[in-house]
Amino acid sequence: ATEDEAKSNTSHSSTTRQPTDGELEQLRQIILTRGEELENKINFTLSHNGTVMSVQPTINKLLSPQNPFDCLVLGEGSRYCAVALASYSWMMYMWTNKCTGCCGLTTNTILHPRCCCCHSKNDDIVGDNICGWKEATILKSLGIEESDVLYANFSNDVGVNPYLILRDEKWKTIVLAIRGTLSFEDMISDVCITPESLEGIGEEFGFDGTGEYCHSGMLAGAKWIFDDLKKHNRLDEAMEANPDFGLRIIGHSLGAGVAAMLGRLLRKQFPSLYCLCFSPPGCVFSERTAKESRDYVCSYVLHDDIVPRLSYASLANLRNELIEMIARIKVPKHAVFDVDWVPWNETSLQSLPEKLLHGKEEIPESQFFSDFDAFKARQSQRQEEREMANINMTVPGRILHMVRTSTKLNSVPCSCILTCAKCISPCQETKQYKVRWTDAEDLSEIYISATMMVDHFPYNVAHALDVAAESYGVVDEASDLHQRDHLEKILEGAKKDC
């Protein structure tokens, strides 16, 4: 159905009156006669209001090949996700090049003068290993010259995120790439989920942070990179030496959250910067700051990726639903798993929940369920005591969601690592994605699926963006979209559409 038709028919759910029989019949006929077109326009998402869960329809906005901004973000996503992948250095390089990675880096170590004691000290590369593998990986992965690596700091600790600054001569861009989670220290930063106020930061950097919050681990990482940039002055020098270049701040996973916050800190100095956040966590900014970041942030989410759906609220909802499901089970627990071994037809599948589960309003009284209610009450009280009850954390910026239309698990790049078949047969790659703009509310619940973990793997995100860009006719070359005057007009027009 057209967007106007969809909005007209879904608007009845927002009024207090019940839809008439005629309106319901009209909607039913639209669904029956134009089901495929309606499927591309309407998406159904789960939402929680306290303990009540409901399904809400939302209007999809598919990317258009005729829209310059859509083509720009898809093209830049495809190009710069490769940089985010390369920022994971030699470990990710050897993972994605299992047969040749070790040999290639070893040969580079032997032949290149950066090897061991033969390598003269380079102040632009900090924290590399003795054989220079981290820098070598960047050069080999991206096919760039050493002169294009303007600065790299591979130091890593809690609140200290490795990052690098590159010059993209082809697209006239300075790229600041921040590495995602790879070490134990990074994991500690990930779990520092307590929101930290942005009020003081806002006063220092010229934005309104009153009542706004950021993930504390990502805020710490952004502040450290900001201080390191000012200490070494590398970014300022790069922008001054290339006055006609744009600035892109990119990252994957933890690095994506840090990139979004760093963009907020640098925006006063570089108002035309843009952040590309690949698979960011679902708890980066509070709602108003996340909405305001639409002017300078684009987040990329692949299919059922769990990380953009991770927040305190979504984890609490998942926990409560699982415990409630246990309380609703009528049969012994082993009988639930026995259904996997029994062939089912459509009729038996429809009756399955009734056979296994009590209705939500018919849960029998038990000590287990009483303890669960008491536990939820204690958790709510603790949230109120910590003043966290009304803080909703979410994904930053505009959100580009790539929905895989293939239904086969082995169509996911490298998802066959879950089976022994990887050693025998190569991955089969899907070439079909539905790419749409979505809202943070669509990512507010965790979906349990076979690909929820592998959809977060940076190689899979990069591959999906390459396939999507190719299907939209966005080629990896410096087109008219990246001429500076045209680029600024596209970005300015996108801001007005927010």
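## Aromatic pairs

Rings of Phe, Tyr and Trp (its six-membered ring) count as a pair if their centres lie within 6.5 Å; planes under 30 degrees apart make the pair stacked, over 60 edge-to-face, and the rest tilted. The structure, a predicted model, holds eight aromatic pairs. In one of them, Tyr 163 and Trp 224 have ring centres 6.2 Å apart and planes at 80 degrees, so this pair is edge-to-face. Tyr 163 belongs to strand E6 (residues 163-168) and Trp 224 to helix H10 (residues 216-232), so the pair ties together parts 61 residues apart in sequence. Helices (H or I, at least four residues) and strands (E, at least two) are DSSP runs, numbered from the N terminus. Tyr 163 is buried, with a relative accessible area of 1%, and Trp 224 is partly exposed at 23%. Here buried means under 20% relative accessible area, exposed over 50%, and partly exposed in between (1.4 Å probe, protein chains only).

The rings of Phe 278 and Tyr 300 have centres 4.9 Å apart and planes at 25 degrees, so they are stacked. Phe 278 lies in strand E11 (residues 274-278) and Tyr 300 in strand E13 (residues 297-302), so this pair ties together parts 22 residues apart in sequence. Both Phe 278 and Tyr 300 are buried. Ring pairs also link Tyr 151, Tyr 163 and Trp 224 into a cluster.

## Helix H10

At 1.5 Å a residue, the 17 residues of H10 should span 24 Å, and the end C-alpha atoms are 25 Å apart, which agrees; the expected span is 1.5 Å times one less than the number of residues. Buried residues of H10 include Met 218, Leu 219, Ile 225, Phe 226 and Leu 229. Just after H10, Asn 233 takes a positive phi of about 60 degrees.

## Strand E16

Six of the six residues of strand E16 (residues 433-438) are buried. Tyr 433, Val 435 and Trp 437 point one way from E16, while Lys 434, Arg 436 and Thr 438 point the other way.

Strand E15 (residues 398-404) runs antiparallel to E16 and is joined to E16 by six bridges, with Arg 404 opposite Tyr 433. Strand E3 (residues 61-62) is also antiparallel to E16, joined by two bridges, and Lys 61 stands opposite Trp 437. Strands pair if DSSP finds at least two bridges between them.

## Basis of the values

Residues are numbered from 1 along each chain as its sequence is written, and side-chain values use heavy atoms, leaving out hydrogens and water. In this predicted model, local features need pLDDT of at least 70 and side-chain atom pairs count only at pLDDT 80 or more, while totals for chains, interfaces and linings use all residues.
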